[in-house]
Amino acid sequence: MTSLTFWKPGTAGPGSSLDRATEQEGNIIQSAPSSFSMESQRERLPIAKHKMKLLHCVEKYPVTIVVGQTGCGKTTQLPQYLMEAGWAADGNVIACTQPRRVAATSVANRVAAEANTTLGDKVGYTIRFEDVSDKTRTRIRYMTDGMLFRETLVDPLLSRYSVIMIDEAHERSLYTDLLLGILKKILRKRPSLRLIISSATLDATQLLNYFEASNPPDMATIISLEGRMYPVEVSYLQDPVADYVKKAAEVAWHINLESKPGDVLVFLPGREDIERCLEELVEMIPVLPRGAPQIIPLALHAGMSTEEQLRVFNPAERNTRKIIAATNIAEASVTIDGVRYVVDCGFVKIRIYNPTTTLASLATVPVSAASATQRAGRAGRTAPGVCYRLYSESTFNSLSPSTPPEITRTDMTTPILQLKSLGIDDLMKFEWVSAPPSESVLRALESLATAGMIGEDGRLTAVGEKVAEFPVDVNIARMLLCSKDFKCGEEILTIAAMTSVQDVFVIPEGAPGAIAELERRKFTAEEGDHLTLLNAYNAFTRYGRSSSWCKSHALNFRTMSRAVSIRAQLKKYMSRFGLPTESCQGDAKRLRQCLVSGYWRNGARWVDDGTYRSVKGNKILHVHPTSVLFTRKPRSGWVIFHELEETKKTQVRILTEIEPDWLLDYGHKFYSKHEAA
């Protein structure tokens, strides 16, 4: 094992001055001066000292913008103060939104414990396909921003809520931005509603101007809170590394050998990096020196079940150390007690949409300076800590200040359909916080029109109204609606559920992986991955839905169980719209034609070098190694795919073989007009 080659600005190496570093990092102290007193750090005013001021602002102003350092208690304490002050009386509910479901679930758990109530009773949460709340008893409801947005489709004025708190607004997620625009409209109709927008790193003035535009000058106010941040020493690598995953595992290993007690949080872009990092650590465990803490490797990413995600919050036992490899979902709102060390690889995976090719992909890009600061702050939530950045200080100084708002880099088809479902037909008049690119809007409108979801007048058709209600993307929803024509509702329901979960198959490295691969082949359909997932689900439900059965057949039991739950909820929508759930009786042709009706924009053709070319944009695509078509040429030479992922090359996941004529027959007239030639 090589020694670590980090240096600390202000202490060793060619770093910049401490003053400049501290200015960049805010409350994150890069190299704490000897005069820095831990006692003075604890004396900083927590949110409790601001309680009366906060409640006064909420009472007086329709919009309160709260800027508070990480750890000041915004997310957990403020909703409780509001409930104590009577804002949840007379059947009213206080809502608090989060950009990610792991934050919504973990915070709800913590607040329920603090409020001495059972989770799902006075305090609950709602995330996609999971509602742990009571319609009559829940007074504080944590939820993803997407779920609150969906509520506006049923209750446009959100009349059940007295206060709505939009948390982590600095992340500028798609639905946070859309909610802010809709809530600005709602406030004009419901002046009694109170909106709180909170963040650790937020351009408060921009939001203040946004809400005061076309409104009275006393519409909004800003309140700044001081947090309880302990000093975090930041160290950088002197030289760049070729493999940041391996380096992250190595740094975590050294921390375990050489550092004081405390858990380690490792930030990596995606679940594959996380799995590889943990595998590297597991391989090193047998050579762990006597007396060193035992390593407990844990993962934290969006593809995990709620139960799996909550495991990272369990305290480590004596003489053990948790090493948690996580995506950026651990950047904000989530407090993992015991973390003293952060390892930041410097990259994040974000979704980027290309309106020219109409293809969206997951791309690994450098983090923003704001995100890097948030990551480092995770080490200073409950005690002094250290952040190891796997990049140089000059690289940090060159990072973009913040991540571009998601609305500027996403496919607008589903959001625009939902806005039109709310009666917002004139998109030019909608008050965007940040307007999406005009080309993205035009492509979305074009797609919706050719799919028959909006008419020539720009309003929703009957089909569009139904698609907007489904809690899945437009392509999946349209596929479910079209299943009636192809008489395959039973199978399409299953495929829709299975593509909503991740990590269905468990294929480890080495000899166990070879055995697991043989088990997976028992489910393989020669037509491709969608039908393979269907086979796996059918076998799971047929043979008892047991954990032991899944283990012996290389399937993830929790993932499969979640797919069962999602399928049951989607079936309720099918029943509401009078869509039959009849079976195609093994007719794979009809089933694949139905898939084309949803994935029509995601067509690709095979070329002689073993790659594919997208129908739109002629983009070079590589098959992901997890696909059953990874080493197999489709007989027809044509496929549709579920999603793209950008790593060192553009890879496609979940493919199924199709006939090229089906893109014209069961796709859209768009192809017949523009692509047939």
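Reader: Let's start with the helix pair H3 and H4. Is their crossing left-handed or right-handed?

Author: The crossing of H3 and H4 is right-handed. Please keep in mind that this is a predicted model.

Reader: At what angle do H3 and H4 pack, and how far apart are their axes?

Author: The general idea comes first: two packed helices are described by the angle between their axes and the distance between the axes. Here, H3 and H4 pack at about 70 degrees, and their axes are 11 Å apart. H3 is therefore roughly perpendicular to H4, because angles of 65 to 115 degrees count as roughly perpendicular.

Reader: Which residues of H3 and H4 meet?

Author: On the H3 side you will find Lys-51, Leu-54, Leu-55 and Val-58, and they meet Leu-78, Tyr-81, Leu-82 and Glu-84 of H4. By type, the residues of this contact are six nonpolar, no polar and two charged.

Reader: Glu-84 and Lys-51 are both on that list. How far apart are the closest N and O atoms of Glu-84 and Lys-51?

Author: Those atoms are 3.2 Å apart, and the two residues form a salt bridge. This pair joins distant parts of the chain, with Glu-84 in helix H4 (residues 74–84) and Lys-51 in helix H3 (residues 51–60), 33 residues apart. As for accessibility, Glu-84 is exposed, at a relative accessible area of 54%, while Lys-51 is partly exposed, at 26%.

Reader: How many salt bridges does a search of the whole structure find?

Author: The search finds 34.

Reader: Is Arg-520 buried or exposed?

Author: Arg-520 has a relative accessible area of 9%, so it is buried, the cut-off being under 20%. You might look next at Asp-587 and Arg-590, which form a salt bridge with their closest N and O atoms 3.2 Å apart. There Asp-587 is partly exposed at 27% relative accessibility, and Arg-590 is partly exposed at 25%.

Reader: Which residues are linked in a network of salt bridges?

Author: Glu-272, Lys-349, Glu-645 and Arg-653 are linked in this way.

Reader: Now for another helix pair. At roughly what angle do the axes of helix H7 and helix H8 cross?

Author: The axes of H7 (residues 174–189) and H8 (residues 204–212) cross at roughly 40 degrees and come within 11 Å. H7 is therefore oblique to H8. The crossing of H7 and H8 is right-handed.

Reader: Which residues in H7 and H8 meet?

Author: Leu-180, Gly-181, Lys-184 and Leu-187 of H7 meet Leu-207, Tyr-210 and Phe-211 of H8. The residues of this contact divide into five nonpolar, one polar and one charged.

Reader: Finally, a single residue. Where is the place of Val-467, and which residues does Val-467 touch?

Author: Val-467 sits in helix H16 (residues 462–469). Leaving aside residues up to four places away in sequence, Val-467 touches Leu-417, Met-453, Val-474, Ala-477, Arg-478 and Leu-481. At 2% relative accessibility, Val-467 is buried.

Methods: Residues numbered from 1 in each chain as written. Predicted model: local features only at pLDDT ≥ 70, side-chain atom pairs only at ≥ 80, totals over all residues. Heavy atoms only, no water. Salt bridge = Lys/Arg side-chain N within 4 Å of Asp/Glu carboxyl O. Helix = DSSP H or I, 4+ residues; strand = E, 2+ residues; numbered from the N terminus. Buried < 20%, exposed > 50% of the residue type's maximum accessible area, 1.4 Å probe, protein only. Axes fitted to C-alpha atoms, helices over the stretch in contact; angles between N-to-C directions. Parallel < 35°, antiparallel > 145°, perpendicular 65-115°, else oblique. Left-handed = near helix turned anticlockwise from the far one by under 90°. Contact = heavy atoms within 4.5 Å. Nonpolar A, V, L, I, M, F, W, Y, C, P; charged D, E, K, R; others polar.
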